[in-house]
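Morning, everyone. Please have a look at the sequence and the model before I start.

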Amino acid sequence: MENEQPRRSENVISGGSLGSVVQAETIGAVTLHPGGFPGAIPDPAGWPLAGDVDPIALGVRPTHRVGGYPPLPPYVIRDRDTELNSTVTQARLRGGLMLLLGEPFTGKSRSALEAMAGELADFRTFAPARGTDLRGLPALLQGRPDRYVLWLDDLDGYLGDGDGGLEPRLLAQLTALRVVVIATMREDAYDACRNEPRGRVLDLAHTVELGREWSPAERQRLATTAEHTADPRLLDAVASSGPEGAPAYLTLSPLLWDEWWRARRADRHPRGHALVRAALDLARCGLTGPLPMDLLLKVHEGYADVTGMDRESIEDARAWAVERRHGLLRLLDRVTGDTWRAAPFLVETAARRDELPAVDGQVWGCALEAARTDEAYDYGEVAAEARAAFERAAEAGDSSALHNLGVLSESLGEEAEAEQWFRRAAETGQTQSAGRLGWMLAERGDGKAAEPYLESAAEAGDAEAATLLGKLLRARAEHWLTVGRKGGSAEAAYILGDLLFGRRDEDGAIDSYLEAERAGYAPVAAGVAAANLLWNEQESARVWLRRAMDAGDAWAAEVLKHHSTRSESVGDAAENFRDGADEGRAMHATNLGVLLETHNGAEGARDWYLKGYEMGDAYGAFRLAELHKKDGDEAEAAAWYRKAAALGHPVPDQSK
C-alpha cells in the first residue's frame, strides 16, 4: 500500500558495524528476512562454552610458537587470582559486571579468561565485535535455559549511552537475567571514560586491579611452572623478564622481533637493523656482556646483505635501536656508560628462528679480538665456539672459513695445525692464507718454499708479503751475485756492491765496486761516486759523477748539478729539516732537534724531540729519555725509554 509505514520488530538484532537495524516483514513488494545482516548476534544456542573458548581468538596476545608446545605457555597463578576468582564466583550467582583493570601487556585478558574458564566453564560465551548493538541481547536471552557470559575485552570499545553500547540500564537488564559480563580495560582508558557520560556504567563494576611488575611470589611460581613444564618460553621469561613483567616479555618479544627483522629493508631502518644485529651476532658468539658502541659500529658496517644503510645516519640508527617500545622493551639495552647489549629476548628468539644467517667470519674475528683483550670473557670458550662455527662453514664449502681456522689455530699457539689450514685455504685460492703460510715458512728458515706463496699474496696486493718476498729475494740475489763475483763477473761485482751499499756495508760495497772498476766495468762509476760522497771525498766524487753522467746516468747528472765541494752549513741543514717537519715528516723534526742539541745544547732541542715523537718518530722519545737521563731524572728517563720501545726503537737495559 502506498502510504503504509514499515512495522518495526520488537526484537532489534545488532550488527557489528550496522548499529540498530530496522526489521520489517515487508516494505512494498520487497521481503526482508530478520537475522541475515553481517555482524548480527548469532543464535545463543550456538555460543561456545566458556571452558572451550580459544584465548587467542578472544584477545590474548600470542607468544612465540615453539614446535611441540601449545600456542600459549601454561598459565602462571597471579597474586590477584584469588580475588578475581571470588568475584567471578559471586557473579555466577547474581550476574553483573566484573572488570579487570591494568596497564597494557600486564596479562589482563589471559587472567580474566582463566578465571572465566575455571569458574564459568559451563556458561555459553559471546564475544561481540566492537560497535555491535547490544540492546537486543536481553530479549534474545529471555526465557532460555542456559547461563551466559558476555566477554568484552578492552571495555572502552563497547561503552555507550543510548547507542547500543553497554550502559547502566542495559547492564541492569543483563544482570536480571544473571548474565555475567567479564571485561578488561587499560588504566588510561578507564580514567578517560570516568569523565564521560558513557563511563557511568563503570561505577557498577566490581573492579580488580592487576599490576605489571611481578611480586617475588609470582616470580617464584613462574620459575616453578617453567621448571615443571620445561616450556622454553617460560624458561626464557624466568631468565630475562625484568620490571616489565613476564606477560609483557612474552607477548612483546614476537612483535619486536618482527619489527626488527622488517627494518632491514632499505626504505625502513637498515642501519638500525644492522646495529642491533651486530650486538645480537656478538652475543651469539658468546659476548653476552656489555659491548662498546665503537665495536658495534665497526661490526655493523660489514653486513653486505643489508642494503640502503647510506640512507640512514648513525645518529638516527642509534636512536631507533635504543627506543623503548610500548614504554617497556628496547632492542638495545644500555649496560653502563656507552656500552650496550642485545635485548635478551632477541638472543633467545634467534636461537629458535632460522631466518637469521649464521654469524660470518668477520664478526667472529671481532668477537675473538674483543674476548682476547677483555678479561670479562674466557677467550678459550669463545675460541672453541668459533672453531665449531668455522668448521661447519668449511664443510659447507666456504674456503674463507679455512683461513679463519688457520688464524684461530695460530692465535692458540697451534702452529702445525695453523699451517695445515692455511695450506688448504691457499690451495683454494685464498691469497691471504698464502701470505700467512709464506710468513710461517720464512720464519722457520724455509724461504725458498715460502716464495711462491708470498708471490701469490703480493700479486693480490699484500704489501707485507711483497716486502718479505723482496727481502728473501735480495738474500738469494746476494748469494748468487757473490758466486758470480767469485767467478770473475764484473757485472755481478757491481750489482753486489749496490746491494751491500744499500744495507750499509760500505766496506764490502767498495770492495765490490773496486773489483768491478779494476775489470773496467764502466757502469760502476755511479756506485763509486756514491761511496766517495758518503766519505766526504768531494773532489773524487765529482770525477766519478762526471764519468757516470757522461755515460748517461741520470742520477749522477742530477747530483752533479747541485754538487759543491764545500760542506753544508748548519743553517742550511736546519732549514731543510724544519721544512720537512712542516710537511709532516716526523724524522725531520727529530733530526732538527739533534742538530740543535749538537750546536746549541738541550733546551732548543726538547721541543723538536717532543714534536717528532708526537708525529710518530720513536727516536724523538729516545732522545728525550737520553736528556732526562743526563739530567739525573731516572724515573722520567725510564718512562720515555718505554715509549720509545713501544714504537720499536731499541733502548738500553734499564736493569743494569
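A word on terms: buried means under 20% relative accessible area, exposed means over 50%, and partly exposed is in between, with a 1.4 Å probe and protein chains only. Helices (H or I, at least four residues) and strands (E, at least two) are DSSP runs, numbered from the N terminus.

This is a predicted model, where local features need pLDDT of at least 70, side-chain atom pairs count only at pLDDT 80 or more, and totals for chains, interfaces and linings use all residues. Residues are numbered from 1 along each chain as its sequence is written, and side-chain values use heavy atoms, leaving out hydrogens and water.

Helix H10 comes up now. It spans residues 293–300, and its buried residues are Met293, Leu295, Leu296, Val299 and His300. They cover an arc of only 155 degrees around the axis, so they sit on the same side of H10. That arc is taken from the directions from the helix axis to the C-beta atoms. What does the face turned away from the buried side carry? The exposed residues Asp294 and Lys298.

Now strand E5, residues 96–102. Seven of its seven residues are buried, so E5 is largely enclosed by the rest of the structure. In a regular strand, side chains alternate between the two faces of the sheet. On one side of E5 are Gly96, Met98, Leu100 and Gly102; on the other, Leu97, Leu99 and Leu101.

Which strands pair with E5? Pairing needs at least two DSSP bridges between two strands. E8 (residues 180–186) pairs in the parallel sense over seven bridges. There, Met185 is the bridge partner of Leu101. E9 (residues 206–209) is also parallel to E5, over four bridges. Val208 in E9 partners Leu100.
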